[in-house]
Amino acid sequence: MSEKKASKNKNEEDKDTLDAAKLFVAAIDFGTTYSGYAFSTKSQPNSIYTCDWRRSSLLSNKAPTSVLLNHKKEFLAFGYDAETKYMSYLENESDDEDSEEEKEAVYYFRRFKMALHNQSVDMDSLIKDESGFKMKAFDIFTYAIEYLKDQTINKLKRTLKDVDIADIHYVLTVPAIWEDKAKMFMRKSAEKAGIKGNQLTIALEPEAASIYCQELRTDRENKTNITFSETIKKGMKYVVVDLGGGTADITVHERQPDGLLEEVVPPSGGAWGGTAIDDAYLRFLEKVFGEKVVQDLKLKELEDYTELIHEFEVKKRSIKTDTTTDIVITMPVGLMNIIKKHCGGIDAAIKKSQHSDSISVSGQQKYV
């Protein structure tokens, strides 16, 4: 028996042991911009349960990867709830500016996963919150994973009843281009969050996507009831492109004669995810209205700034390759007032902009 074959059989034995021991599999997708979870059962692995998160007009299977701590540096909120409470805190802080009473601080962390991509991290590495306050990255990651784990367990118990948490195996996804040190950091964070090491698998995001795609239906070859795996013959290679919020992973897989998948080209990629598009949108606004306008919007009108970004997220998801219609963005009142202060009004700013030929204003302009 060859070494490769022996390895294959051992993996199959490990898989069988796992399947026999665990009744549920829960996947946690810890993203740069958004995070979420899903689960399925051993008896019906293709029946996948997820959770919907809602904020105003945006409905998503994921919530923003945002963590809010109280003045004692204890966990307070995650996701949209963290955003809302943080904005409420800033609004109340602004209302109390003339008060001599000192307000208890909160600490708001967002999009902090990229710290594992941009720098070499260890258990003592620090990351900054929105105000510049530094805390250990390990603690913030642990808070986020623990929240998602608890949400998963609660939803699983509500959905399927009589669930023993010892019967759950967790899968935590990470980018393939991450270094081993970053992957180990995530494992230790998950274990600190209450997930036992023997109940946890760290999975590469492109590999998880590739396995999932095997079950997807496709209309290739003019057939309507055929899976992707049936269209990929033995020996064929295909590219897996995983476009996330922070990073883009590109890998090449090949179907082996024994039906298994093998990575034939090492993963490559970089910080080219959806947040790069968000950054380009903000740079576009700066070119039209000036850096000072965008800076003031974020510092002085955070609620309007957040609403503007969320609306852009909705529009971004709706754009298709054949989209030819105009993209309409509603300008918050706070932004309109800042534009009027620095530029004399939105019409004047657009006329002076290099993009004056591609932007137009419609509807009544409201100021306060």
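In what order do the three strands of the open sheet run, and is the pairing parallel or antiparallel? Here are some friendly notes on that and on the helices around it.

1. **Ground rules.** This is a predicted model, in which local features need pLDDT of at least 70, side-chain atom pairs count only at pLDDT 80 or more, and totals for chains, interfaces and linings use all residues. Residues are numbered from 1 along each chain as its sequence is written, and side-chain values use heavy atoms, with hydrogens and water left out.

2. **The whole protein.** The secondary structure comprises twelve helices and 18 strands; helices (H or I, at least four residues) and strands (E, at least two) are DSSP runs, numbered from the N terminus. Of the 368 residues, 40% count as buried, where buried means under 20% relative accessible area, exposed over 50% and partly exposed in between (1.4 Å probe, protein chains only). Among contacts (heavy atoms within 4.5 Å) with a separation of 6 or more, 58% join residues 24 or more positions apart.

3. **The sheet.** To answer the opening question, the order is E16-E17-E18 and the pairing is antiparallel. Strands E16 (237-243) and E18 (261-270) are the edges, each pairing on one side only. From one strand to the next, the twist averages 20°. Two strands are taken to pair if DSSP finds at least two bridges between them.

4. **E16 with E17.** E17 covers residues 248-255 and pairs with E16 in the antiparallel sense over seven bridges. Within this pairing, Leu243 has Ala248 of E17 as its bridge partner, and Lys237 has Glu254 of E17. The two strands form a hairpin with four residues between them.

5. **E17 with E18.** This antiparallel pairing also has seven bridges, and His253 stands opposite Glu263 in E18. Five residues lie between the two strands of this hairpin, and Gly259 in the turn has a positive phi of about 90°. Seven of the eight residues of E17 are buried, so the strand is largely enclosed by the rest of the structure.

6. **H6 on the sheet.** Which strands does helix H6 touch? H6 (residues 205-213) packs on the sheet against E16, E17 and E18, and its direction makes about 50° with that of E17. Axes are lines fitted to C-alpha atoms, for helices over the stretch in contact, and angles run from 0 to 180 degrees between N-to-C directions. Ser210 is found in H6 and counts as buried at 1% relative accessibility. Leaving aside neighbours within four places in sequence, Ser210 is in contact with Tyr238, Val240, His253 and Leu261.

7. **H8 and H9.** Helix H8 (residues 274-289) packs with H9 at about 125°, their axes 6 Å apart. The two helices are therefore oblique to each other; angles under 35 degrees count as roughly parallel, over 145 as roughly antiparallel, 65 to 115 as roughly perpendicular and the rest as oblique. Leu282, Leu285, Glu286 and Phe289 of H8 meet Glu291, Val293 and Val294 of H9. These contact residues divide into five nonpolar, no polar and two charged. Ala, Val, Leu, Ile, Met, Phe, Trp, Tyr, Cys and Pro count as nonpolar, Asp, Glu, Lys and Arg as charged, and the others, Gly among them, as polar.

8. **H9 and H10.** The axes of H9 (residues 291-300) and H10 (residues 302-318) come within 5 Å and cross at roughly 110°, which makes H9 roughly perpendicular to H10. Leu297, Lys298 and Lys300 of H9 make the contact with Leu302, Asp304, Tyr305 and Leu308 of H10. By class, the residues of this contact are four nonpolar, no polar and three charged.

9. What covers the buried residues of H11? The cover includes H8, H9, H10 and helix H12 (346-352). The buried residues of H11 (residues 333-343) are Gly334, Leu335, Met336, Asn337, Ile338, Ile339 and Cys343. Gly344 follows H11 and has a positive phi, near 85°. Asp296 has its place in H9 and is buried, with a relative accessible area of 3%.
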